[in-house]
Amino acid sequence: MFFRDREAMELREREKSKEQDEVCIEPLMPTLASMHSPLMHDFVLVAHKTEDKEDEVQKKQAAFVEALKKKNMKVTEIVLDDKVFYGVMAPSEVFEKYKYLLKVSDACNSSGEQKDGVPKSTRIRIAYFVLLHTYLRNGEDLQELMRKGVFESMFCLHERRKQKVLRRKWARWSALFTWQPFNDIREYFGEKVALYYLWLGWYTLLLVPAAVVGVIIFLYGLAFFKTSPLIREVCDSDIIMCPRCDERCDVWKLSDTCSYAKVSHLFDNEGTVAFAMFMAIWATMFLELWKRHRARYVSKWKVYDWCEEEEELIMEIVNDPESKPKEFRHSYWRSALVLALFTLVLVVIIGLTHALVLFRVVMRVLLVNQDWEFLTTHSNTAVVMMGATLHYITIQVMTRVNRYVAFKLCEIEKCRSFAATERSFTVKMFTFQFFTAFSSLIYIAFFLGRINGHPGNYVRLAGKWRLEECHPSGCLTDLFIQMAVIMVLKQTLNNIFEFTIPWFQRCFRQTTAKKLQRRCGNCYRKACRQEDGKLEPCDTCKLRDWIKNYHLHDVNSFSLFNEYLEMVMQFSFTTIFVAAFPLAPLLALLNNMFEIRLDAIKMVSLERRLVPKKTNDIGVWTKVLEAIGVLAVIANGLVIGISSDFIPRLVYRYNYGPCANGTANGLDCMTGYINDTLSTAYMSDERVRKDFYPRQMMNATQCSYKDYRRNEDYTLTSQYWFILAIRFAFVILFEHVVVLCKFIAAWFIPNSPMRVKNRRLEDKFKRLKEELRFMNYRYDTQV
């Protein structure tokens, strides 16, 4: 009763104000600004034209249009050749109900929409919900009708005036180094898109210090490029190494891989440890500072406490006052089925990793056994490059498979709301993509060269093909090459396809709209004006804008998800295994500078308008980013402790090197390290003779291989076990120290600035005082 009285009073005040405004505005109606009335339609449906009125498709089209009209939706039908366009506009009473329900809701009552007018973005969002929740008598909704071909497509319309503003301020390549107009983006595309660009801009900005430190670490390795004793030892060595493969591979000198050793030193040096620790803390700082940055804007936009699921309830009531809320349900059978299928997909993805390993092993044999000497000599590098390229192709193919499977699993789950479906889909899709992208990297980082055996007892696939070995300088270079190829190919090719496909599509489809423009040359001045002076566009004027939007690249509810997924996967590459690739933040920074403008141009000019969504956060992606931050600590600790040679070098310096045993005499403390990491196999051993043919040995009676084994019985030495213990101790120490630093950083930085909290406190205080003032006013009036 209290709210009804207040609503009635406010409605009377608005009606008086509206009458005064109409008196003032009426003479100005035929102005240029009002000539954008073709955009007054909230949505456009497109269908194929059929001449037979008894056709089933025609009947369903007419039935759906009639169902919309029963909800007081204004529907304008225009026919062009073999297409039928239906312009749909929601009635004003729908938005009045929406504003009132916002006011009395629990989480959405702080929004300014219940006081101000309804913006176009909100009109589109509500009309979209009504369209999706309009049913025929047989229960079919719009999405089912589109799947059956009753309607071809649906889209909301771009606003030309605001498009021009966004192009001038934001969606152009010349604005590459300017700040983004987040308020304009929010007004046009809604809070959800605005928060994506807010997050992407903040992520790009904070990549600057990470990229600078990564370049410094790279330059540090470059500075000692020629003076490193490890590189000199490899380049000047006369050590004969064991054949890398069967039959065609001969023994080789360690000095043949001098260039490889130099590249390894660039990414496997003392600075890598500090950089890995820096990046783990950087990931935490980025997330905590992002929460503060987000709080400033969502408080300014008055959506700090906004709840998407509660808004869905409001729109359900607005769409159908007799509707019942969808209840929360949980089925153990469905959950078990989804979990089983989810695990099965992960097993398949991991199986693809084994296939990639098999590909590398087989290609190595094929390249060594062919007649081109260049490929035979550089077969190891060629195999790494080909494996990385095939891995990229696998990621691209599996992205489509993963998306389909994730959708099907969400359908089995039957989530209560779209917001819940989106969260579930995000978790599943990201997990699938993560395993697809990182399974091969995990194999290279932690298994390559560690499970291949030793001369006389090599591990073979199917008892035939030997597994790959690491270079004596370490396996980190293989990991670096794999990451570099995937990042460069993924970012470059994805951006090219993202931009060129919508651009070519728009170019090829604009002919029809240009013909309509020639046919309607003076519509805005004469033909579109009614007798009372107001503007009502003719069919040609309406259709011209509809055709332009129709010919743009199609979008859907998950289009923004694709952008998030691409950037979050990039964030994963930038933080996880960054110890092996310090230049990853620099590549990410350069890519993102262009990514922001590419996505802006694509959304504003090349794609249909996204349905504006209201939200106050990037959703479950925050949890995903936090999980990546934790994985980054674990992965980088393992890379430094297990994959790199940082620990063996450290142990050698202080326990086995010249400086440790007092025999330095002016020598560098690392002198003799490479030789210390090698073991020797003798041809006098019958087991070794089974693995190596005499012609492979080239009259050599012994050869070396990288491992800590005794020369007599090939058992692991005490030095191996000591280094292994130090490796695990380092991993535990590294992860505990970094996690402690992450917790301190998260505690030290509040999620919301004090200014935002005080502003929200003042807003709540004013709203409560206003309610109390109105209650006193009502009480005095009754008395």
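A crossing of two helices is called left-handed if the near helix is turned anticlockwise from the far one by less than a right angle. The structure on the screen is a predicted model.

First, the overall numbers. The protein chain has 783 residues, and 52% of them count as buried. It holds 30 helices and 12 strands. Take the contacts with a separation of 6 or more: 80% of them are between residues 24 or more positions apart.

Now to the term I started with. Helix α11, residues 270-300, packs against helix α30, residues 754-782. The angle between them is about 25 degrees, and their axes are 9 Å apart. Angles under 35 degrees count as roughly parallel, so α11 is roughly parallel to α30. Their crossing is left-handed. On the α11 side the contact is made by A295, R296, S299 and K300, and on the α30 side by V756, R759 and R760.

Please stay with α11 for a moment and look at the loop between α11 and α12, where K302 sits. K302 has a positive phi, near 60 degrees, and K302 is not a glycine. Most residues other than glycine have a negative phi. Is K302 buried, partly exposed or exposed? Its relative accessible area is 38%, so K302 counts as partly exposed.

There is another such residue, N699, with a positive phi of about 70 degrees. N699 is in the loop between α28, residues 694-697, and β12, residues 702-706. Exposed means over 50% relative accessible area, and N699, at 78%, counts as exposed.

The largest nonpolar core has 157 residues. Which helix gives the most to this core? Helix α8, residues 191-223, does, with 16 residues. The residues with the most contacts inside the core are L45, W170, F189, W199 and F577. F189 touches W170, and also L166, M603, V604, R609, L610, P612 and K613, leaving aside residues up to four places away in sequence.

Last, a sheet. It is an open sheet of 4 strands in the order β2-β3-β1-β4, with antiparallel pairing. Neighbouring strands are turned by 20 degrees against each other on average, direction ignored.

Strand β1, residues 43-48, is joined to β4 by 3 bridges. In β4, S153 is the bridge partner of V46.

Two helices lie across this sheet's strands. Helix α2, residues 56-70, lies across β1, β2 and β3, at about 160 degrees to β1. Helix α4, residues 120-132, lies across β1, β3 and β4, at about 40 degrees to β1.

That is what I have for today.

Methods:
Residues numbered from 1 in each chain as written. Predicted model: local features only at pLDDT ≥ 70, side-chain atom pairs only at ≥ 80, totals over all residues. Heavy atoms only, no water. Pairing = 2+ DSSP bridges. Axes fitted to C-alpha atoms, helices over the stretch in contact; angles between N-to-C directions. Contact = heavy atoms within 4.5 Å. Core = buried A, V, L, I, M, F, W, Y, C linked by side-chain atoms within 4.5 Å. Buried < 20%, exposed > 50% of the residue type's maximum accessible area, 1.4 Å probe, protein only. Parallel < 35°, antiparallel > 145°, perpendicular 65-115°, else oblique.
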